[in-house]
Amino acid sequence: MNSHLPRALGGKIVTRPYKLLVGLFALAMLLIAWRMVAGLGATTAMNDGYPFGLWIAFDVVTGTALACGGYAMAILIYVFNKGKYHPLIRPAILTSALGYSIAGFSVAIDVGRPWLIWRVPVYGWRWNFNSALLEVALCIMAYVVVLWIELAPAFLEKWRNAPKPRLASIVGKTADRLDRLLPWIVALGVLLPTMHQSSLGTMMLLAGDKLHPLWNTPLLPLEFLVGCILMGYGAVTIESCLGSLLFKRRPETAMLAKLSFAAAVTLWLFVLIRLTDLIVRDQTEAMFAGDLYSTMLWLELCLLLIPGIAYFWPGVRTKIRHLFSGAVLVVLAGAIYRFDTYLVGYNPGNNWSYFPAVPEQLVTLGLVAFEVAAYVLIVKRFPILAGHSRAETA
Amino acid sequence: MSVSRRSALKAFAAAGGTIATSAVPLRADNEPRSVPADAVGMLYDATRCIGCKACVTACHEANQDLPDTRTPGMELYDAPTELNSRTRNIIKLHRSEYIDSYVKRQCMHCVDPACVGACMLGALQKRDFGIVTWDAPYCIGCRYCQVVCPFNVPAFEWESANPRIVKCELCVHRLREGLEPACCEVCPREAVIFGQYEDLLAEAHSRIVDRPDVYVDRVYGEHEVGGTQVLYLSHVPFEDLGFTRDSTEAVPSLQQSIQHGIYQGFVAPAALYALLGVVMFKNKRTNRVADSEADDE
């Protein structure tokens, strides 16, 4: 039974791909320094018509949804009490913690006056409760803290066995106290994403008719919420597959096959909500207009329908390869849906246009590289991934 | 395990119920907002404007904005093509099939502004005279106001490392000195005039009544996007002048009724949190029992 307990992978950290990742991150930091000195106009393609660009649409809106693995797994494990998925929770929380931290950092470089950000949580008397963005900002800040606390046991477990007895005893006491508090922290870890992921949808309702009717619906908050849970399951599956490939571990096929049931239910719920909404709002004409917008919509839907239908073939669910491709399609569909809501479906008129500038793209790339590098470092040094299942004799 | 799954479902159903019921009685301030009692505004009459752009220059001077010499090929001139961080007021020429017309664009000072609803710390607010103004210390430069403005008015200083949001504030600094907005003061044709909102609305309607053959029978801004304190008269259809927003509903009304519905009194999130906590506590205990039983085996 101990074989399922997470343990550090060990091994060399600074490999050649690792150096590449660090290099990309260093380049991003240089570009960020340039942005701080020269302003956003010199380093990005954003303009008065498209004030939200790649950093918001990808790093924040899509990135936090990709980082919803921790949320989606927490719902499954703690709310629906599916303890069998426990081996998946720690890596999921780690990706979430990294993803949300990167998203927060991206906001900090995207806003015009980052040195004033601290006022958003502190100036409570100024809070505008009508602002969906305020809610998103406060929730994301709080959730980053919650995620790292949820992950703390992984660090404490290692330091608990530290050679210095005093440190070990302090760590031990903290760990015990944390263990008692954990249900309430995990509950926060489910509440906060429920709030801000739906509010990310509510936010774009305020864009009014600048947002294309295929995405502009009062159900945006619900679609964003269901969408992020779906992407969360997808991200967990991808992460597990890549992890077993990269670190030469036995794939967690049986568990991922079972997880694909939860993903399929969420997927069909999303598709059903999306289609019902479009039909009820009488958007069939726009759905078949044959323009860019209808193409994007069908791209979203087809990417979902392929794994959605394939799920019903039992052979598909038992092959890790198919589970992986299905998860990729799902994550892609969810990402495109969010991109469409924030960029493609958004049209300010007046011939404004936007395509991310090279520095913008490189910053995003560098931050993703950082996330991967940090993940590799942490799983090699701290007990995150469940131990190999070879000792399954108990 | 099936027992706790049931309890989880119950928790979700209850939380959903809380959200649903709290969505029914909407907050009173979701009612359409009315024009403030002290509201001032401007009335622009496209039939009178000759496109001299004296107002554009006067606006620059009054607000101490730099001339906008950034238009490619026009570096010698203050020649903005769009409202931007140096241009709070612009005159545009709109060509249509039958007749050309100028149009002046600046902040419309909405009765229920989307930017004010969007702004996290209330940097943008309707302050004295119903004028929407920007207060630097409360702006972090998130630009959500730009995303939501139905007229694309707020401009961001893209070229600055310490950027501001720049927009027409109806020369509120001049109003305090007993002066008119600069654009209204210099207009040689009185194409744009300043006054109390009620007076301007009455004036607009009387002009239409006097010359129904000239004017389109509509005062733009009286009802559009829930009303604006800047009003427009025209001899060409308003769509031809770039006014494509027809809805009379204020932009924030839908979003706010949803937001308030879910978060009213913070009841639903608090209830959801309590339920989640209870479910998890219970699950943890049952797991511990299950674990120790498993160990006994």
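What follows is a list of stops, each with something to select and something to look for.

**Before you start.** This is a predicted model, where local features need pLDDT of at least 70 and side-chain atom pairs count only at pLDDT 80 or more, while totals for chains, interfaces and linings use all residues. Residues are numbered from 1 along each chain as its sequence is written, chains are lettered from A and ligands numbered from 1 in the order in which they are written, and side-chain values use heavy atoms, with hydrogens and water left out.

**Stop 1: chain A, coloured by confidence.** pLDDT is the predictor's confidence in each residue, from 0 to 100. Chain A has a mean pLDDT of 91, and 97% of its residues reach 70 or more. Now select residues 389-394 of chain A: pLDDT stays under 50 there, and the model has 7 contacts beyond four places in sequence for this stretch. (Contact means heavy atoms within 4.5 Å.)

**Stop 2: W148(A).** Select W148(A), and you land in helix α7 (residues 132-160) of chain A. Helices here are DSSP runs (H or I, at least four residues), as are strands (E, at least two), and they are numbered from the N terminus. Which residues does W148(A) touch, leaving aside its neighbours within four places in sequence? Show A97(A), L98(A), S101(A) and F155(A) to see them. S101(A) is 47 residues away from W148(A) in sequence, yet 9.5 Å away in space, C-alpha to C-alpha. With 29% relative accessibility, W148(A) counts as partly exposed. For that label, buried means under 20% relative accessible area, exposed over 50%, and partly exposed in between (1.4 Å probe, protein chains only).

**Stop 3: helix α8 of chain B.** Select residues 252-263 of chain B. This helix has 12 residues and reaches 16 Å from its first C-alpha to its last, close to the 16 Å expected at 1.5 Å a residue. (The expected span is 1.5 Å times one less than the number of residues.) Is α8(B) mostly covered or mostly open? Mostly covered: 10 of its 12 residues are buried, including P252(B), I258(B), H260(B) and Y263(B). Step just past the helix to G265(B), which takes a positive phi of about 60°.

**Stop 4: salt bridges.** A salt bridge is a side-chain nitrogen of Lys or Arg within 4 Å of a carboxyl oxygen of Asp or Glu. Across all chains, a search of the whole structure finds 21 of them.

- R245(B) with D209(A): their closest N and O atoms are 2.1 Å apart. R245(B) sits in the loop between β9 (230-233) and α8 of chain B, and D209(A) in the loop between α8 (165-205) and α9 (220-246) of chain A, so the pair joins two chains. R245(B) is buried, at 12% relative accessible area.
- E185(B) with R174(B): here the closest N and O atoms are 3.0 Å apart. E185(B) is in helix α6 (residues 182-186) and R174(B) in helix α5 (residues 172-175) of chain B, so the pair ties together parts 11 residues apart in sequence. E185(B) is partly exposed at 45%, whereas R174(B) is buried at 13%.
- D277(A) with R281(A): again, the closest N and O atoms are 3.0 Å apart. D277(A) is buried at 6%, and R281(A) is partly exposed at 21%.

Key
The expected span of a helix is 1.5 Å times one less than its number of residues.
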